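Here's a quick tour of one model, written for someone who likes to know the cut-offs. Have a look at the sequence and the fold first.

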Amino acid sequence: MARIDLNNLAAFVVVARERSFTRAAAQLGLTQSSLSHTIRGLEAKLGMRLLTRTTRGVSPTEVGERLLANIGPYYEGINAELDA
């Protein structure tokens with residue numbers, strides 16, 4: 001498997017938690033378009049859909065929920081440590 005950029009995983013975590021590309025992009029300091037391309041690229045590298053996009057918002061797929069549950073706590077810990 002190709003190496004996954006950890007920044008792309010962090011972007012996924014924010015989008016999945018915010019359930020909005022707009023709010024996640026603002027939080028990450030990115031454009032909505034750039035963030036969308038980042039997530040599409042991550043999904044392509046992994047070969048699976050992580051998010052379901054609708055006109056009303058974004059929600060993690062079953063695979064996305066599992067990935068979020070497994071990696072989300074690590075990102076929280078990293079952010080907490082950096083804040084400290």
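Which helix gives the largest share of the lining of the largest pocket? That's α1, with five residues.

## Ground rules

This is a predicted model, so local features need pLDDT of at least 70 and side-chain atom pairs count only at pLDDT 80 or more, while totals for chains, interfaces and linings use all residues. Residues are numbered from 1 along each chain as its sequence is written, and side-chain values use heavy atoms, with hydrogens and water left out.

Helices (H or I, at least four residues) and strands (E, at least two) are DSSP runs, numbered from the N terminus.

## The pocket

The largest pocket has a volume of about 190 Å³. A pocket here is an open set of points on a 1 Å grid over the protein atoms alone, where a 1.4 Å probe fits, with protein on both sides within 12 Å along at least five of seven lines; lining residues have an atom within 4 Å of a point. The volume is the space filled by probe spheres set on the points, which are joined across faces, edges and corners.

Lining it are A10, V13, V14, R17, E18, Q27, L28, Y75, E76 and N79. α1 (6–18), α2 (21–28) and α4 each put in at least two residues. By class, that's five nonpolar, two polar and three charged (Ala, Val, Leu, Ile, Met, Phe, Trp, Tyr, Cys and Pro count as nonpolar, Asp, Glu, Lys and Arg as charged, and the others, Gly among them, as polar).

## Helix α4

G64, L68, I71, G72 and Y75 of α4 are buried (under 20% relative accessible area; exposed is over 50%, partly exposed in between, with a 1.4 Å probe and protein chains only). These buried residues pack against α1 and β2.

T61 sits in the loop between β2 (57–60) and α4 (62–83). With a relative accessible area of 15%, T61 is buried. Leaving out residues up to four places away in sequence, T61 touches R49, L50, L51 and T52 (contact means heavy atoms within 4.5 Å).

Q32 lies in α3 (residues 32–46) and counts as partly exposed because its relative accessibility is 44%. Not counting residues up to four places away in sequence, Q32 touches F21, T22 and A25.
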